[in-house]
Amino acid sequence: MISRTVFDQVIERKQTASAKWDAVDQLFQGEDLLPMWVADMDFRAPQPVIDALKERVEHGVFGYPVHSPSVDAAVKHWVKRHYDWEIRESDIVYTSGVVPTISYIIEAFTAVGDEIVIQTPVYYPFYQLVNNNERTLVKNPLRFDGETYTMDLEHLSSVISEKAKMLILCNPHNPVGRVWRKEELEKIAELCVKHDLLLVSDEIHADLVFEGKKHIPIASLSAEVASRTFTCLAPSKTFNLAGLQTSYCVIRNDKYRARLQKYLKKRFMGMSNSFAELVTEVAYNQGDEWLLALRKYVWDNYLYVKDTLETSMPRLSVLEPEGTYLLWIDCSRLGLTASERKKWLVDEAKVAMNHGEIFGVEGQSFERMNIACPRVTVEEAMRRLKRAYDALTFDS
């Protein structure tokens with residue numbers, strides 16, 4: 001059994017070329033900021049992963065690698081064990097990251113000017129992926145009732161034109177924390193089939209779902225849905241391995257898979273990374289117990305933040321997450337504009353969170369907070385936030 005002391009350990013990350021810690025002051029234009037922003041964890045990877053990397057490093061030779069079929073087996077068994085989804089080992093295409101993978105798919109399967117639908121507020125690189133590839137962005141905003149988000153399928157149906165070729169789904173959703181239910185996925189899949197849209201599903205947070213929730217890969221709904229779906233997965237968020245650039249895409253459609261592989265081969269982007277494959281295999285074969293403990297620890301951090309806000313900062317509220325380790329904090333009652341709140345957080349609270357507006361105009365009243373860190377870090381963030389909160393003047 002993995003003890004919570006594993007996650008309580010504070011690990012110094014400054015001066016380790018960490019984007020989260022070493023770039024925070026420059027990026028947020030502040031001083032001595034506590035980084036609660038970018039989605040990587042402040043926890044050590046599972047010990048079996050560290051041990052395997054040490055052994056590989058001690059070997060000392062880092063020449064060109066060849067792909068190992070044992071990695072395919074580990075991925076296949078993980079997907080079956082955790083998502084109850086049967087895939088073939090031949091369905092898997094390995095890549096260097098989910099965001100690059102989505103870019104490759106956009107380039108390989110759509111043309112300049114084609115419309116691509118995203119559901120906002122959403123992970124901000126989606127905007128760049130569409131715009132940088134000179135495709136046309138179509139927004140289908142989620143509905144927010146003050147407590148939770150749902151899909152606006154009626155609006156989605158109305159904005160799909162003949163020029164629309166693709167929809168990018170985020171499940172579990174970043175930043176709002178929804179784990180889409182089967183009936184929701186079925187409805188969006190039905191629309192994609194009806195309008196002949198390709199479906200790119202970013203499921204990188206698939207393993208980070210809380211008790212009572214279950215991640216359902218949209219491609220697992222039916223053979224018809226699977227035939228048009230590119231499922232993007234990775235062990236990187238799950239086990240804090242983002243710096244090793246490991247991901248994969250599950251493509252059940254043989255023609256589509258061959259087309260993407262041809263695209264990658266043409267650009268000499270198909271070579272495997274020996275460290276990435278190693279950590280994928282070890283994490284998937286030996287990481288279950290660590291993951292269970294991680295989910296519990298993150299959930300307890302959420303409960304702490306929720307209680308602190310309710311008792312000490314009632315004008316701030318946090319949505320209950322169904323998945324991810326990212327909290328979506330509603331600041332609409334704070335009485336500050338988005339720009340004023342940004343300045344307040346940086347200059348007064350000294351806490352760096354992802355400002356909601358970067359996820360779309362629908363997120364202007366929110367901040368995204370990363371709680372995949374030791375409890376003492378979360379406590380310090382709440383102390384700083386409360387000090388700044390208490391200095392504000394509110395209308396009665």
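Buried means under 20% relative accessible area, exposed means over 50%, and partly exposed lies in between (1.4 Å probe, protein chains only). The model is predicted: local features need pLDDT of at least 70, side-chain atom pairs count only at pLDDT 80 or more, and totals for chains, interfaces and linings use all residues. Residues are numbered from 1 along each chain as its sequence is written, and side-chain values use heavy atoms, with hydrogens and water left out.

**View 1. Glutamate 357 and lysine 342 form a salt bridge.** A salt bridge places a side-chain nitrogen of Lys or Arg within 4 Å of a carboxyl oxygen of Asp or Glu. Here the closest N and O atoms are 3.0 Å apart. The pair links distant parts of the chain, 15 residues apart. Lysine 342 belongs to helix H15 (residues 338-349), while glutamate 357 sits in the loop between strand E14 (354-355) and strand E15 (366-370). Helices (H or I, at least four residues) and strands (E, at least two) are DSSP runs, numbered from the N terminus. Glutamate 357 has a relative accessible area of 28%, so it is partly exposed. Lysine 342 is at 33%, so it too counts as partly exposed.

**View 2. Aspartate 42 meets lysine 20 in a salt bridge.** The N to O distance is 3.3 Å. Lysine 20 lies in helix H2 (residues 19-22). Aspartate 42 lies in the loop between strand E1 (34-35) and helix H4 (47-59). The two are 22 residues apart.

**View 3. Arginine 384 and glutamate 380 pair within helix H16.** Their side chains form a salt bridge of 2.9 Å, N to O. Why are they separated by about one helical turn? Because they are four residues apart in helix H16 (residues 375-390). Arginine 384 is buried, with a relative accessible area of 16%. Glutamate 380 has 24% and is partly exposed.

**View 4. Salt bridges also link up into a network.** Its members are Arg178, Arg181, Glu183, Glu184, Lys213 and Glu322. The count for the structure comes to 30 salt bridges. Side chains of opposite charge can pair when their charged atoms come close.

**View 5. Tyrosine 94 and tyrosine 248 form an aromatic pair.** Rings of Phe, Tyr and Trp (its six-membered ring) pair if their centres lie within 6.5 Å; planes under 30 degrees apart count as stacked, over 60 as edge-to-face and the rest as tilted. A search of the whole structure finds 27 aromatic pairs. In this one the centres are 6.3 Å apart and the planes stand at 55°, so the pair is tilted. Tyrosine 94 is in strand E2 (residues 92-95) and tyrosine 248 in strand E10 (residues 247-250), 154 residues apart. Tyrosine 94 is partly exposed at 22% relative accessibility, whereas tyrosine 248 is buried at 2%. Both belong to one aromatic cluster, whose members include Phe7, Phe43, Trp78 and Trp290.

**View 6. Tyrosine 123 and phenylalanine 126 pair edge-to-face.** Their ring centres are 5.8 Å apart and their planes stand at 85°. Tyrosine 123 and phenylalanine 126 are both buried.

**View 7. Helix H7 (residues 125-132) has a buried set of residues.** These are Pro125, Phe126, Tyr127, Leu129 and Val130. What do they pack against? Their partners are helix H6 (98-109) and strands E3 (115-118), E4 (136-139), E7 (164-170) and E8 (198-202). Contact here means heavy atoms within 4.5 Å. Glutamate 134 follows H7, with a positive phi near 60°.
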